[in-house]
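Reader: I'm new to this one. Can you put it up and walk me through the helices and the pocket?

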Amino acid sequence: MEKTLIYYNQNAEDFNQGTVYVDFKATQDRFLNKLPGACHILDFGCGSGRDTKYFLSQGHKVTATDGSEELCKLASGYTGIRVKHMLFQDLDEENTYDAVWACSSILHLTYNELKTVLNKMAQAVRRRIAT
């Protein structure tokens, strides 16, 4: 994971330019259509902030995080919200979010890390009672 963070910190500008303007609307909308209206979304590994900005524009509350300090700075400037610098393993919330968006982010974890982080993600999502 350390090598990954070093890479993103050193290449933040290039990564940002390569992703921030990609039209991802079809995939974003497919995700949003599963939600019951305006929700609180965790953008877990937000990178350039492209998806955070779109979700905000659609009326959702978004908490954006990234492990790269440099990407946090760029995404904060782009989205207009504070992007929290945080590693996936540091997620420690319960019943906070309605949904988690982790687009091309948690793929950087090892299998054992992934198991732990998926459990943390499940804890962070609000429990809903089906009606």
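**Helix packing and the pocket**

Author: H2 crosses H5 in a right-handed sense. Keep in mind that this is a predicted model.

Reader: At what angle do the axes of H2 and H5 cross?

Author: They cross at roughly 45°, and the axes come within 9 Å. H5 covers residues 69-79.

Reader: Which residues make the contact?

Author: On H2, they are Ala12, Glu13, Phe15 and Asn16; on H5, Glu70, Leu71 and Leu74. By class, the contact of H2 with H5 has four nonpolar, one polar and two charged residues.

Reader: Ok, next pair. How far apart are the axes of H3 and H4?

Author: The axes of H3 and H4 are 11 Å apart, and the two helices pack at an angle of about 55°. H3 is residues 25-32. The two are therefore oblique to each other.

Reader: Left-handed or right-handed, H3 past H4?

Author: The crossing of H3 and H4 is right-handed. H3 brings Lys25, Gln28, Asp29, Phe31 and Leu32 to the contact, and H4 brings Arg50, Asp51, Tyr54 and Phe55.

Reader: How do the residues of that contact divide by class?

Author: The contact of H3 with H4 has four nonpolar, one polar and four charged residues.

Reader: Changing topic. How much space lies in the largest pocket?

Author: About 390 Å³. The pocket is lined by 26 residues, and the closest to its centre are Phe15, Gly45, Gly47, Cys103 and Ser104.

Reader: Which elements give two or more residues to the lining?

Author: Helix H1 (2-10), helix H2 (12-19) and helix H4 (50-57). H1 gives the most, with three residues.

Methods:
Residues numbered from 1 in each chain as written. Predicted model: local features only at pLDDT ≥ 70, side-chain atom pairs only at ≥ 80, totals over all residues. Heavy atoms only, no water. 1 Å grid on protein atoms, 1.4 Å probe; cavity = no way out; pocket = protein on both sides within 12 Å on 5 of 7 lines; lining within 4 Å. Points joined across faces, edges and corners; volume = space filled by probe spheres on them. Helix = DSSP H or I, 4+ residues; strand = E, 2+ residues; numbered from the N terminus. Axes fitted to C-alpha atoms, helices over the stretch in contact; angles between N-to-C directions. Left-handed = near helix turned anticlockwise from the far one by under 90°. Contact = heavy atoms within 4.5 Å. Nonpolar A, V, L, I, M, F, W, Y, C, P; charged D, E, K, R; others polar. Parallel < 35°, antiparallel > 145°, perpendicular 65-115°, else oblique.
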